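Let's take a walk through this one together.

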Amino acid sequence: MSVNETNESDWKLAGEALLRSYGIIYFSQSSWFGAVILLCTLAVYPIQGIIGMTGLAISLLTAIQLKLDRQLVRSGIYQFNTLLVSLTLGYFYRQGMIDTVALLVLLPCASLFTLLVTVSLSDIMYRSLGIPAISLPFVIAQTLLIFIVAPVATPASPMTSAPVSPFATNPNWELGSIPVTQHLLTILETMSAILLMPNYYIGAVIIGAMFILSRLYVFYAVLGFAVSMTVLTFLPVSLSYQQASMLAFNFAFCSLAIGGVFFIPSRHSLALAVFSTAICTLIAVVVVKIFESSGFIPIALPVNFVILLVLHAMKMRVQSGRLNLTPFMPTTPEDNFRRFSLLKLRFPEFGYPTMRCPFSGERTVTQGVDSGVTHKDDLKYAFDFEVLDREGEPRIGINDDLSDYYSFGTPILASANGTVVKVIDDVKDGEPGSQNLIDNWGNLVILAMDSGYYLMACHLQRGSVRFAEGNRVRQGDVIALCGNSGRSASPHLHVQVQTAPTVRARTVQCYLTHYYEKHGRNLTYRASGIPDEGTIVSAAVVNQHAAECFARIRDRKYRFRMEQAGRISEETITCTIDSLGHLVFTSENGDSMKASIQGHVFQVFDVRADRGVLRWLSMGLNTVPFIDNEQAFWQDKIDARQYIYPAIRWISDSLAPFWKCPTLRTTGKMSHGIPPEYANRSKVGVITTILPEIAPALLDSRKLPATITTYLSAKDWVAAMVVALDDPIVIEQMSEPDRDNIATLSAKPTPQFLGVARKRMTSPF
Amino acid sequence: MQSNGYVAPSLTPNRNGFFDTMNTSHQQYRNDQIEGVSIEELTERFGSPLFVFSERALRAKYHEAYTAFSTRYPDVQFAWSYKTNYLKAICKVFHEEGSIAEVVSDFEYEKARKLGIPGHQIIVNGPYKSETFLRLAVSENAKIQVDNHQEIGTIEKIAEEIGRPVNVAIRVNMVTGCEPAWTKFGFNFESGDAMLAVSRVCSSEHLNLVGLHSHIGTFILDPNQYRVSMQNLCALVWGAYTQYGVEVEYINAGGGFASANTLHYQYLPGKDVVPSFNQYAEAICDTLLLNLPKEMPTPKLYLETGRALVDEAGYLITSVLHGRHSGDGRQSLVVDAGINLLYTAAWYKFDIQTTQPFEGPVGPTTLYGPLCMNIDVIRQEVYLPTMSPGQTLLIHPVGAYNITQSMQFITYRPAVVMIGLDGTVDIIRRAENLEHVEALEELPERMQDKPVKNDRRRNGTNRLTSELADAARR
């Protein structure tokens, strides 16, 4: 069943979408916030609120009936424009500009029209520009409605119910001439003005809810307001305070969207938000001046225009640097920041091509990325691998024979599945020390990797390439032997990933995956990385037993028993597989975590777990590579937020984007020492040690375990886990016959040949 | 310079311009130090004869071997063959470098366990494993490599008793061109016995086939013989995989790599003839990668190398006891190391190096050991200068098998020292003494001397001596 054909009832979907549609006006995905907004719309002006809800409901049910994408319907993206249009109609009705009959005619039409515009415009803008439509459909629909309803709202009678202030018509008001309290009231009012219900009390409730949801939301909104007011006072041609307060929500939302929603919050996004708000202010002045004579001002236009402009321009950058677009569905700025920081720290290879080691054994990176003489400019993303002994010598003895070099003749493996597209095999291997500058790449193989990039391996031995152009190779196949052809003084392997299948194509950054780095006696495992020059790199082998422990995870329920200080509790974790192939674990108490299994490693991400078993599972199994080397250790990071004292957690959340994400450092090691009580279920364990990375004084160390030891089972994922706290926690999986699945997988595949099945053979002697 | 005593007059033909085809002059090369430590100092501190091992050479050789194999095969593990040299210090060096243990008897197994190696890191070979030993190995999850059908039966019985299946590997023998072919051990490949054993283990509910092993011979000078053995093992891997769905976890290529020793019938010196680790690695790894089924995960490769790792790291310093010249100019030297210490003298012509400057030409010399046995000959013919008693000679390479196969016969066995990486010299086996040799001996009570009773009536002499003793006391 695809994601769109679920068993979920339409009414349940409609209910969720309804609440979210209210919240998403303020860029929030939270259902409770949506409920607060909904109540706000019904509180002071119930008629308008009901009209808004009716219009929304009409469009919602239509969207479900029309079988539009359920996920987009659920998130409210398709509906909130309709809601705003319906609220506009409600406002007109409240002001008496239309009567009931007109309302009954206009409401369904307008709501459906907005739905259609939203769906079409979203698609067009995503496809051609790669940016969302935000509330442009609302601007369009509102403009059309005004023409139908006949704009009665003139600049002289603004759409506000506040008393006309003495500064109403004075275009050149000084910043200091308006008391701060007036500004504060304007901020409150502007928050509810987007709902077409400008009212201090509603605004206050909304700001209060926003503050609880995310302090940074409020910060950015207030910042936007402050920036715009400052800009307005110094412009030669400006707005009246009344107009400014009418348009104030543009500035607040512009700052909020750029600073915290569409970009990951950071110092840089803050700067961008300030400038964008300033630009928005100017655009608002222009819009007002253009439209004020026509009697109608499309008040939501400036914010839409600026956000879309900034988003589109920023997408044109070649590299992201410190200013990053939010790559997932944004929630609150603090959450976005933490989630993004952890993803960036832990999965730097996301979006780049990856390759496994094209060799076995240990090699030294003798020339790395952007270094040396030849790895420069277009060719800078390349690696030179050479076998050196402990003294750093590339050959044995003192003779200068090619066969004395350790690297010469060693097999070169395919780094990924792919097709061979080019083979050059006839260049003579040069004498050590000589450089062939004519065929300077020497013998080479170019592999078109299934991921879409091309891998080139050069300086191969003459006549040693084992595949022809057009052959398909699998990762790990021997494709050639290392030689000394081309511009190579001593035998080495040169490998690079490039964008085209030609010999001198531009190289791209690529990440090496599943390897060890040796530093002295220490062996560090890296799931992915770019080794520096001089590092000793060796290929890690995928250990079948460790891989089996995770390969058997499927969509079923896992029941765990947790014991701490005599208290025993049981918890059921349900595992499902999402459309991207990630495992999603959800607990009955609401916790959730996601995990991805690539061929060589199991990694947990998007952890939202603070209570039960998933909290410890996510820490103990944060990263588990499929290796069996007990000497190697790997490092990883965990969000430290749960361990910060609750009293200062809000402060640290808000400050983190401008400083650093608080993380815990974890070190992991495999272990074959299984205690006897688990020995019959588990053969391999993982020991994770946790260390704080930020000031330990901020952390509640009683809640922080020193180590977590997990015992993995080849059939059942996790057999048991021991968390080393002052009161240790022991978690065990309760095994039960799996009634949901037909075949219980056994450890050994069943024999197939002629029924010689498991019959005991006696000795022939 | 100390005079060497009598130097026999001789005539040396002027051979300028001629090639030294008989290789007579290479013995003029002399060596007065091992790893920077002077031989004189070693003999002064520890006596003579003296076995000397170089830790640096051990580690370098291991690293060379490991590099050759690990760069050609994804998953390689060396297992140190204890029977080659089971001194604790030598074994420890290899274990520190990452090697596991390979043993062929319960004694060696106990030794490895005492050194701290856990059961699952010990490969157990051998044509005879007693039931007690098998029980111990099974209980400690050792890697048992079965040799014959009776052993399979015994292990099945044990597995049934303990109630869980046991992991075993199968040793295979075959014809590879090696002379003599080792048919004593394991199941024969050509007759189909090996595949029969594979079938038996795979279809048994008490056993799991986890590995295949072949150790084709010793001192193999042709790496292509390993191609044959690996091909045959791959055929068994295919058999197990296609017929039983069993994915073998490891292939054990055994040992048998040659060291730089020269066999008795060999013309060229060993170090010019012995294949490099690269050549062995290419033969073994290339064959495996080409012939293993691609659908299966690549099995681990175990290597039980012994001689090739330790032989060249071991030296024996010996002193000349006396010498004589025969009428035809041939010198005979008796040195203090005999075949009780150098069992491998039966197979090799060791390198004999002088350690001090000498006068006069070299001449054909026979080296005898100190034992009162006519067969005690270290080298039948080697070219040495006239040597006088007290001068030392350096015998190399002697690291493999000589210590484990040495006998305490006629003389005490000497000390063994190891020169560490920083040049410090440590004793790794003390020289024997009477107490050590007699430690296990028991004299039956009837043969023991009785304590003499002080009975003056029985023996007059006794009375006299006791009176004298009393007088002396006063």
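At what angle do helix H5 and helix H6 of chain A pack, and how far apart are their axes? Keep in mind that this is a predicted model. In it, H5 (residues 80-95) and H6 (residues 100-128) of chain A pack at about 155°, and their axes are 8 Å apart. Angles over 145 degrees count as roughly antiparallel, so that is how H5(A) and H6(A) run relative to each other. As for handedness, their crossing is right-handed.

Now look at who meets whom. From H5(A) come Asn81(A), Thr82(A), Val85(A), Ser86(A), Leu89(A) and Tyr93(A). Facing them in H6(A) are Leu103(A), Leu106(A), Leu107(A), Ala110(A), Ser111(A), Thr114(A), Leu115(A) and Thr118(A). Sort this contact by class and you get eight nonpolar residues and six polar ones, with no charged residues.

Time to zoom out. Chain A is split into four stretches: domain 1 covers 1-152, domain 2 covers 156-331, domain 3 covers 354-539 and domain 4 covers 544-733. Let's stop at the last pair. The centres of domain 3 and domain 4 of chain A, taken over C-alpha atoms, are separated by 37 Å. Where these two domains of chain A touch, seven residues of domain 3 are in contact with 11 residues of domain 4.

Which strands supply the domain 3 side of that contact in chain A? Strand S11 (511-519) and strand S12 (522-529) each bring at least two residues to it. S12(A) gives the most, with four residues. By class, the side of domain 3 of chain A that touches domain 4 has four nonpolar and three polar residues, and again none that are charged.

Note on methods: Residues numbered from 1 in each chain as written. Chains lettered and ligands numbered in written order. Predicted model: local features only at pLDDT ≥ 70, side-chain atom pairs only at ≥ 80, totals over all residues. Axes fitted to C-alpha atoms, helices over the stretch in contact; angles between N-to-C directions. Parallel < 35°, antiparallel > 145°, perpendicular 65-115°, else oblique. Left-handed = near helix turned anticlockwise from the far one by under 90°. Nonpolar A, V, L, I, M, F, W, Y, C, P; charged D, E, K, R; others polar. Domains from an automatic or database assignment.
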